Amino acid sequence: MLEIRGVTKHFDGVKAVTEVSCTIAKGAITGLIGPNGAGKTTLFNMICGYHVPDSGLICFNSLEITGKPPYAVAAAGIGRTFQNLRTIKKLSTLDNVMLAFNPGASLFASLKKGKERQNRERAQELLAFVGLSDKAEEPAGELSYGQQKLLNLACCRALDPALLLLDEPVAGVNQEMTVKILGLLRDMRDEGIGVLVIEHNMEAVMEVSDRLIVMAGGRVIADGEPAQVRENSEVIEAYLG
Amino acid sequence: MEYLLHILIMIGIYSIVAMSLNLPAGFTGLISVAHAAFYGIGAYTTALLSLKAGIPFWLCLPTGVILTAAIAFLIAWPSLRTRDDYFVITTFAFQIIVFSILNNWVSFTGGPMGIPGIPQPSVFGVPLPSHGAFLCLVAAIGIAVYLFLNRLINSPFGRILKAIREDEIFVQSLGKNVTAYKMAAFVIGAALASIGGGLYAVYISYIDPTSFTVMESIFILSIVIIGGAGSLKGSVAGAAFLVSLPEILRFVGLPNAVAANVRQILYGVLLVLCMMYRPQGLFGEYAFNAHPKERKEVEDA
Ligand SMILES: Nc1ncnc2c1ncn2[C@@H]1O[C@H](COP(=O)(O)OP(=O)(O)O)[C@@H](O)[C@H]1O
Ligand SMILES: [Mg+2]
C-alpha cells in the first residue's frame, strides 16, 4: 500500500536517512525500531510531506506522494502522530477531534455549519473508542500526558485513514495506558488500517508487531518477522553499540 | 452633544477596524502591521469614487471591499509562503508602500494635501441629516460586522483558525491547507477594514495620508491586544477605551498640545503594562503571543 523507494535525506552533512526502501502493508502492524538518531522520525516526516526527500520516491496506493504538502498526504489517507505531543490545548477535547474531519476539503466547505451535529456525534464515538468520553468538554491541555496520546489517536481516526504512522505512541506512558494503546492499535489493524509504529519500548513493539523494520545510521538493517529480527546479529550489534 | 456623538462614531469605526484585524491577528496569530493601509484603501476608494465619479456611498463601500480583498490577496499570496517571522515584515513593507503612494501620487490621491469635500452619504437619496443618524449607520454596520465575524469564528472554519494559532504543524497533519486558511483570514480582515475606511472618509469628509501611517496600524493592533486577542467584544471595548483616552486627558485639563504627546506615551505604557500583567488583554482568553516557537517546526528529533 505504501511504497518507499530509495529515499534519502541529508541535513547539512547529517545523513539522517540514506537509500531507504520498504513497503508497508495494510491490515498489519509494522514496527519501526532503531537507536536514537537512526532516522525513523525523519522517514515519517518525508512520508507525510514535512520534509522533501533529496532523492527517492514515495507512493501510496500507487499514487506518487513524494513532496506533496502535509495536508494533501493526510487527505490521501495517511494519518500520523508526533513524537512530541501535539494537541490544541485551548480547544476542547471534542473540538480537537472535530478538527480532523473532512481532510483536504475545500475551505468553503468549512464555512458551513451543516454537518456539525453529525460530526459531533461521530467525534463522541471516537472519544468513546479511546475512552475519553468524560473529557469531551475539557480543554485538551488539561488532559494527562497519556490521555493526550489517546486523543491523538482519536484525531487520527477521525481522518478515516488507510495508513497510520505513530511516532512512539507509548513512550512516557504508564503500564496500564500502554496496554490500552496497544489494544487500540490492534483494533485499528483488525479494521484493515495499516499501522506503522516507531517505538523504543521493545517489549511492547515485539508484542504488537506483525513485522519489524530496523533502522540504524539512516539505513534499514533488518526487515522481517519480529522473532527472526530479534536473532539478527547486526541488530543486536546496533543496539548494543 | 455633538462632541459625544463624534467620540461614539469614532469608537464605532475603530471597533469595526479592530474586529477586522482580530480575525487574522487575534484568532489566527497572523500579526499584521498593514491594517491602516487596508483601512486607507477603503477610505480613498470611497472618497475618490464618490467625489470623482459621483457614485453613491452604498456602492462605494462594496467596491472598496472587493478592491481591498483583491489587493490583500495579492500580497498574502507571496508573503504567506515565507516563514512566519517574515510575514510581519512583509506587511510592514506593504504599509510603507501604500503610504508612499497615497502621499506621492498627487494627481490621483491629492498627495499630502489629501482629498477635501467628500460628499456626505445619503440613504435612498436623502442625505443623512445629522451626526446622530450617522452614528446609527455606523452602529448598524458595526453590528453586522460583529455578527458576521462571530458566525465565522464559531464555524468549523473558525475552529481551524484558532487551532492554527496554536499549532499549525498539527493542523496540517489533520488534512487542512493551513496557508489557504491564513490567506482567507487575512483577506477577510483586510476587506472588512476597508468598510471602516469608507465610513471614516464620508464622516470626516476630508482624508489625507497621515491617517493611514504605520503608527495607525500599530494603534489598531494595540486596540486588539489591549481589548483581547481572540475576542470580538474585547476589540469593541479596546476601541472604546483607547479612543476615549485622549478625550479624558483633555477633560482633566491637559492642554491640547501636551495631551497629544502624552497620548502616544500613554498608549505605549498601556501596551507594556498589558503585556506584563494581562497578556490576554481585557477580554481575551489567550495571551497574545500564545504560540511557542517549537510548535512551528517539525523537529521531533
Ligand atoms: N530538521 C532537522 N535538521 C537537521 N538535522 C535533523 C533534522 N531532523 C533530524 N535531524 C537529524 O537527523 C538524524 C536522525 O534524526 P531522527 O530522524 O529524528 O532520528 P530518530 O527518530 O530515529 O531518533 C539525527 O542526527 C538528527 O539530529
Ligand atoms: Mg524520533
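A residue is called buried when its relative accessible area is under 20%, exposed when it is over 50%, and partly exposed in between, with a 1.4 Å probe and protein chains only. By that rule A:E116 is buried, and so is B:R159. The model is predicted, so local features need pLDDT of at least 70 and side-chain atom pairs count only at pLDDT 80 or more, whereas totals for chains, interfaces and linings use all residues. Residues are numbered from 1 along each chain as its sequence is written, chains are lettered from A and ligands numbered from 1 in the order in which they are written, and side-chain values use heavy atoms, with hydrogens and water left out.

**Where chain B meets chain A**

- Contact, meaning heavy atoms within 4.5 Å, links 31 residues of chain B with 39 residues of chain A.
- The two chains bury about 3000 Å² between them, 58% of it on carbon and sulfur atoms; this is the accessible area (1.4 Å probe) that two parts lose on being put together, summed over both.
- Across this interface the rule finds 3 salt bridges, a salt bridge being a side-chain nitrogen of Lys or Arg within 4 Å of a carboxyl oxygen of Asp or Glu.
- Helix 7 (156-166), helix 8 (168-173) and helix 9 (178-204) of chain B are the elements that give two or more residues to the side that touches chain A, and helix 7 gives the most, with 7 residues.
- Helices (H or I, at least four residues) and strands (E, at least two) are DSSP runs, numbered from the N terminus.

**Salt bridges**

- Over all chains, the structure holds 14 salt bridges.
- One of them pairs A:E116 with B:R159, whose closest N and O atoms are 3.0 Å apart; since A:E116 lies in helix 4 (residues 116-130) of chain A and B:R159 in helix 7 of chain B, the pair joins two chains.
- Within chain A, A:D223 pairs with A:R211 at 2.9 Å between the closest N and O atoms; A:D223 lies in strand 10 (residues 219-224) and A:R211 in strand 9 (residues 211-216), so the pair ties together parts that are 12 residues apart in sequence.
- Salt bridges that share partners join A:D95, A:E116 and B:R159 into one network.

**The magnesium ion**

- The magnesium ion (ligand 2) is coordinated by A:T41 (OG1) and A:Q83 (OE1), at 2.0 to 2.2 Å.
- Donors are N, O and S atoms within 2.8 Å of the metal (3.2 Å for Na, K and Ca), and water is not among the atoms, so sites may look incomplete.
- Both A:T41 and A:Q83 are buried.
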